[in-house]
Amino acid sequence: MIKTNKKQDALDYHSHGRPGKIEVVPTKPTNSQRDLTLAYSPGVAEPCLKIAENIEDVYKYTAKGNLVAVISNGTAVLGLGNIGPEAGKPVMEGKGLLFKIFADIDVFDLELDTTNVDDFVKIVKALEPTFGGINLEDIKAPECFEIERRLKEEMKIPVMHDDQHGTAIISAAALLNACELQKKKLEKVKIVVNGAGAAAISCSRLYVILGAKIENIVMCDRTGVIRKDRPDLGALKAEFATTRDITTLSDAIKDSDVFVGLSSADCVTVEMLKSMAKNPIVFAMANPNPEIAYELAINSRKDLIMATGRSDYPNQVNNVLGFPYIFRGALDVRSTSINEEMKMAAVKAIASLAKKTVPEAVIMAYEEKNFKFGKDYIIPKPNDFRLMTDVSIAVAKAAIDSGVARKLITDWDAYAEELKLRLGKDDAIMRAIANKAKSDPKRVVFAEADNYRILKAAQIVKEENIAIPILLGNKKVIEEIIKENGLELDGVLIIDSFEEPERMLKYAQSLFEKRQRKGVTLYEATKLMRDRNYFGASMVEFGEADAMISGLTKNYVSTIKPALQVIGTEEGVNRVAGMYMMMTTKGPVFFGDTTVNVDPTAEELVDLTLLLERAVSKFNIKPRIALLSYSNFGSNEGVVPEKVRKAVKILHEKYPEIMVDGEMQGNFAINNALLKDNFPFSRLADAPANTLVFPNLESGNIAYKLLQELGDAEAVGPILLGLKKPVHIVQLGSSVREIVNMVTIAVLDVQVKEKEAASKKGGFLKRKTKV
């Protein structure tokens, strides 16, 4: 009989994390009677009792800490007005979806059938035990101000009316960057705000906190300029009433620096726009149609920076840049509120992110060639996954620093990793490799530098201090591509081999000496050096570069052949091989050989396995190697299983320390439960294989490409194994991200080889070298 601690089991079942760590809620099994007794009666009693003893344990044993309510009464739905709670429900459901997909926050949308402030506050306040935060939505002014004020005072969880603060935060970030680009100081700019609703009031308040002068802000509503002498002026509008002798929007906008539109379509004319000061900033945020048409505006003023609320134009002011990550940061430190410090932190984080190099994945999502901080890119794109880390961390830090956090984070790197995990960005191994590369960046020559993607990758590895790029190609063409695409590669060495006759002759002489007994004359060697793959490989061979990247525009053979002829293989290595690191949802799995050896013999499979084992060890991963076939441990006969069986036998006899087994089918290799049930004697029965050796090139190549397409796995490679010095070959048509990954691998490869050389010089080179 197996004894269990049912109380602890029940607590573990309901626990959504560990104290001191940000919780990533796991799934729980519910496929047996025992599971159900833990999930509900009687097991559920244990967490209930714990929470009764300490109410804060509700965050430990329930989903409260990741649950936000989106609450509305439907009185100000988008631009549709007071259409009621039922008609507003689709918007609330959509808001919940955005919370989930952008920040992994669970949401219930609640539509309340009341316009009474007291009733609204009473209902929401009563829901506090259920939710970790409250997002108020689509509630008309002035009631929205009073509702939010009272709930913030009376509740001990984060409350935010996103229609007010979301627009204010995003537009404030855009305003900071626009002022910088237009060389204007916020404390001096004259601002016109058209609209006097919740968003307009909140935007104006936040601009003042940032440094704008309230006397420089003019606010307009449907009847014109809000003046101090207007009769029956409410308290909210009075806050931004002016004493200036102006009455119309046209009067207000003249000589102004900034126009902020939160009103209605087509209320700004070309004449108004032309009357603004030099280098104007226009945020026409009415939806779906802005206060002045985008094309009309940019064609009227060439010195204009313009933002809208639309996704089909540059500079979209979209609340989704803020609210998911503001709540994420607030929830993760169990903040009691969302205060001004947290909002300001979000503003600065969003503004700062726009100045960083944009990841290729973001650029591809918008089918653009590049995004660069400037007039058409003053705020990040909604699909920029870095918002999750940059904004959430900034908000969490501000909550802690301002004293409203009930939970402290001390390891911010670990928190950043957990945020990435929430979005499925589990590329921890590549981040670890990148960090190692940054510790000692190496010179990497790009043999195909007259290509935009290569140059973009070179910019990224330079900026991130992963590598020191050297660009090889036609200098004029390279410089034109850099200029056309606004790339930042100042100071990077550009080498045009045709302008280096002495170097070319030196390289040709070396190749001739190596290949003269293989039919290569000095003339032919000189001719070969016109090929940049030969020239680049020679740079590596002569120590003028540490590694080479090529292959983007050539086939694999035409790239690997120069490396083999110029550099050659490592000492004791009989052949080179190609390996892919497949980044799967279950972690990295290494495939080999996928690119070089067509039909290896049993002895050659042994050589390939040794290469793979050593390569995987470099990543500080213990290789668990399966040699694959269509047979399981002699279950089928044939040429393929027999050679694989022979290779395994050699490996077991000569290299018993290697964790390797086979021959086996692919599903048994990665499903250790299946392997253990059927073949418990296998050396891999306790855990799945992480390195797969294929019996021939055909099967390996097909497998990695199918997994890449159908399994949504990212392929890093091909990683070339066995060369004396690092040369790595990217796939035809590789993305910028894939090229950056290969450069990172190349730098690690150089570091490992240098360490091995130092160890060998000291007389203690080991077969397995880790970094």
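How many bridges join β8 to strand β9 (residues 281–284)? Four, and the two strands run parallel. Before you select them, a few ground rules.

This is a predicted model: local features need pLDDT of at least 70, side-chain atom pairs count only at pLDDT 80 or more, and totals for chains, interfaces and linings use all residues. Residues are numbered from 1 along each chain as its sequence is written, and side-chain values use heavy atoms, with hydrogens and water left out.

**Whole chain**

Show the protein chain as a cartoon. Its secondary structure comes to 31 helices and 21 strands. Helices (H or I, at least four residues) and strands (E, at least two) are DSSP runs, numbered from the N terminus. Along the principal axes, the C-alpha atoms fill a box of roughly 100 × 80 × 45 Å. Of the 771 residues, 55% count as buried. Buried means under 20% relative accessible area, exposed over 50%, partly exposed in between (1.4 Å probe, protein chains only). Take contacts between residues at least 6 apart in sequence: 70% join residues at least 24 apart. Contact means heavy atoms within 4.5 Å.

**Stop 1: strand β8**

Select residues 258–261. V258 and V260 point one way, F259 and G261 the other way, and all are buried. In a regular strand the side chains alternate between the two faces of the sheet. Two strands pair if DSSP finds at least two bridges between them. Centre on F259. V192 stands opposite F259, and in β9 the bridge partner of F259 is V282.

Step back to D255, in the loop between α11 (249–253) and β8. D255 is not a glycine, yet it has a positive phi of about 65 degrees. Its relative accessible area is 46%, so D255 is partly exposed.

Then go to P288, in the loop between β9 and α13 (294–300). The peptide bond from N287 to P288 is cis, with omega near 0 degrees.

**Stop 2: helix α7**

Start at P142, in the loop between β3 and α7. Here the peptide bond from A141 to P142 is cis, with omega near 5 degrees.

Now select α7 (residues 143–154). This helix has twelve residues and reaches 17 Å from its first C-alpha to its last, close to the 16 Å expected at 1.5 Å a residue. The expected span is 1.5 Å times one less than the number of residues. Which residues of α7 are buried? They are C144, F145, I147, E148, R150 and L151. Their cover includes α6 (117–126), β3 (133–136), β4 (159–161), α8 (162–181), α9 (198–210) and α10 (235–238).

**Stop 3: the cores**

A nonpolar core is a set of buried Ala, Val, Leu, Ile, Met, Phe, Trp, Tyr and Cys residues joined through side-chain atoms within 4.5 Å. The largest has 102 residues, of which I134, L136, I191 and F283 touch the most other members. Zoom in on L136. Leaving aside neighbours within four places in sequence, its contacts include I71, F120, I147 and L151. Apart from this core lies another, of 70 residues, among them A449, I650, V716 and V752.

**Stop 4: cysteines**

Colour the cysteine sulfurs. The structure holds zero disulfides (pairs of cysteine sulfur atoms within 2.5 Å). C179 is buried at 4% relative accessibility, and C203 is buried at 0%.

**Stop 5: two loop residues**

Select N315, in the loop between β10 (305–308) and α14. N315 has a positive phi of about 60 degrees although it is not a glycine. At 2% relative accessibility, N315 counts as buried.

Move to S337, between α14 (323–332) and α15 (340–353). S337 is buried too, at 17% relative accessibility. Beyond its neighbours within four places in sequence, S337 is in contact with I157, P158, M342 and V404.

**Stop 6: the six-stranded sheet**

Finish with an open sheet of six strands, in the order β18-β17-β19-β16-β15-β20, with mixed pairing. Its edge strands are β18 (660–664) and β20 (714–721), each pairing on one side only. Select β15 (residues 577–584) and β16 (residues 587–592). They pair in the antiparallel sense over six bridges. M579 has G592 in β16 as its bridge partner.
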